[in-house]
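Please open the model in your viewer and keep the sequence at hand.

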Amino acid sequence: RFSWEAILMASNPMGSNPIVAISYFASPVHTPPPNWRGQAEHPDRVTTAMSALQAAGITTRCELLQCGREASDEELQRVHLRKHLDQVARNAAAQSKSKNSFFTEGTESAARVAAAAVIDATKHVLGDHGPRRSFVLARPPGHHASRTGVPDEGGEGDFAEGGCYYNSVAVAAAAAQQDGVDRIAIVDFDVHHGNGTQEIFESDPSVLVISLHADLRYPGTGAIEEVGEGAGAGFNVNIMWEGSADWPPHYADYAVAVKLVVLPILQAFRPGLLLISAGFDAAEGEGFHAKLAPESFGAMTESMLTALPDVPTVAALEGGYVPPMVARCCVAVMGALLGDKVDEPEETKISKLSESKGCKATLLKVAEAHEAHWGESANLTVAKVKAFFEGQREQQKGLPNVRGSKRGRA
C-alpha cells in the first residue's frame with residue numbers, strides 16, 4: 001500500500017466561526033498515464049485548491065489533525081458488490097484503461113482512501129464534540145460508481161465510469177445509516193448526473209438524493225421522470241436542465257431551482273445528515289453546458305446551511321477539471337461552511353432574473369413529476385412554479401436583460 005498524505009483540519013473551537021473540518025489528499029500515484037486523452041482527473045485539481053485555501057488564509061483558521069486510512073471491504077460492500085471490488089483491484093494491478101477511466105497500481109488504494117476520508121469526515125460531524133461541518137478535498141471522485149461499477153449486469157461498456165471507482169459519498173451515507181442516522185440527504189451539483197448514487201439509493205426512502213445537472217450525453221441518465229423505485233419513489237429528485245446546450249444555465253437558474261425545489265424538499269424531509277457531492281464542472285470555463293461563477297457554489301451551499309442550520313454537513317469534491325477554477329470554487333464553498341458572508345454573483349441575483357424558457361420549462365416538469373410526492377409537505381406544485389415565473393415577469397418589466405441578448409425570454 002502507498003502512504004498517502006492526508007490532513008484533517010478543524011477550525012479553532014475558541015474562534016467565532018462555526019466548527020469546520022477539511023480532509024485533504026492528492027493521491028499522487030493515481031495520475032493519468034502518458035498520452036491520456038480522457039478526462040483530466042489529475043492531482044493538480046486538489047493541490048492547486050489547497051494552495052488557494054492557504055493563500056486565502058482559511059487554513060490559518062484551522063487546527064490540523066492527521067488522518068488517512070483506507071476504507072475496509074465491509075464499508076465498501078455496503079454499497080458495492082464484491083465483484084466490483086475485485087474488478088477494481090484487477091484493473092489496478094493490470095494498469096488498464098477504458099474510454100473515460102484509467103488505472104494505475106495506486107488507483108485501488110487511492111479510491112479506498114478517498115472513500116475513508118468521506119466516511120471519517122461524516123463520523124466526525126456526527127460526533128458529540130467534533131466539527132459539525134466538513135469539506136473533503138480528495139480524489140478520485142465517486143458519484144458515477146454504482147453497485148456493480150458497470151452500466152448493466154451483463155458487463156457491457158466501460159468499467160468504473162467517469163474516473164469513479166468507489167462511490168465515496170454513498171459509502172459514507174451507508175456508514176451513517178449503520179451508525180443510526182435514519183434520514184440522509186445527498187445534494188449533487190456536479191454538471192454530470194450522479195448515476196451511481198441514484199442507482200444505489202433509488203429504492204431507499206431513508207436517503208433523499210437531489211441532483212442538479214446539465215442535459216449531457218454522458219452518463220445519459222438523470223431524467224426528471226426518474227423519481228425513484230418502489231418505496232423510494234419521490235426520494236430521487238433530478239433537476240436536469242433539458243436542452244442546456246442551447247441555453248447554458250447561469251446562477252439565477254440554479255438559484256430559482258434551489259429556492260423552489262431543493263430547499264423546500266430538504267426542509268420537509270428533515271435529514272439528520274446532509275452530504276453534498278460538490279462537483280465544480282458546472283463552472284464557466286469548464287467546457288460543459290453551464291456557466292456558474294465560483295461564488296455560485298458558495299451561495300448554494302450557504303442556502304442549504306441556512307435552511308438546515310443544525311444538520312451535520314459534509315461536502316466532498318466530485319468533478320471539476322480546470323485547477324484554477326476548482327480552487328476558486330473550493331474557496332467559495334469553504335467560506336460558506338465557515339459561516340463567512342457569501343455574496344451572490346451580482347449580475348445573476350434572483351431579483352434580476354431575466355426569465356429563461358429553459359429554466360421555467362425544467363422546473364415545471366420537476367413540479368409535475370414530484371407534486372404527488374412533495375406537493376403537500378414541500379408546497380412543490382405546478383401552480384406555485386407558474387406563479388413564481390409570473391411574478392418574475394412583472395418584476396422584469398422595464399429592467400435591462402442582465403443575461404445578455406443570447407438568452408431567451410418567455
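In this predicted model, begin by selecting strand β2 and displaying its side chains: Val20, Ile22 and Tyr24 point one way, Ala21, Ser23 and Phe25 point the other way, and all are buried. In a regular strand, side chains alternate between the two faces of the sheet. The strand spans residues 20-25 and is mostly covered, with six of its six residues buried.

Now select helix α3 (residues 82-94) together with helix α4 (residues 107-126); the two pack at an angle of about 135 degrees, their axes 8 Å apart. Because of this angle, α3 counts as oblique to α4. To view the contact, show Leu85, Val88, Ala89 and Ala92 of α3 with Thr107, Glu108 and Arg112 of α4. By class, this contact of α3 with α4 comprises four nonpolar, one polar and two charged residues.

Finally, turn to helix α8 (residues 294-307) and helix α9 (residues 323-338), whose axes come within 8 Å and cross at roughly 25 degrees. An angle under 35 degrees counts as roughly parallel, so α8 is roughly parallel to α9. The crossing of α8 past α9 is right-handed. Residues in the contact include Phe297, Thr301 and Leu305 of α8, and Met325, Ala332 and Leu337 of α9. The residues of the contact of α8 with α9 divide into nine nonpolar, two polar and three charged.

Conventions
Residues numbered from 1 in each chain as written. Predicted model: local features only at pLDDT ≥ 70, side-chain atom pairs only at ≥ 80, totals over all residues. Heavy atoms only, no water. Buried < 20%, exposed > 50% of the residue type's maximum accessible area, 1.4 Å probe, protein only. Helix = DSSP H or I, 4+ residues; strand = E, 2+ residues; numbered from the N terminus. Axes fitted to C-alpha atoms, helices over the stretch in contact; angles between N-to-C directions. Parallel < 35°, antiparallel > 145°, perpendicular 65-115°, else oblique. Left-handed = near helix turned anticlockwise from the far one by under 90°. Contact = heavy atoms within 4.5 Å. Nonpolar A, V, L, I, M, F, W, Y, C, P; charged D, E, K, R; others polar.
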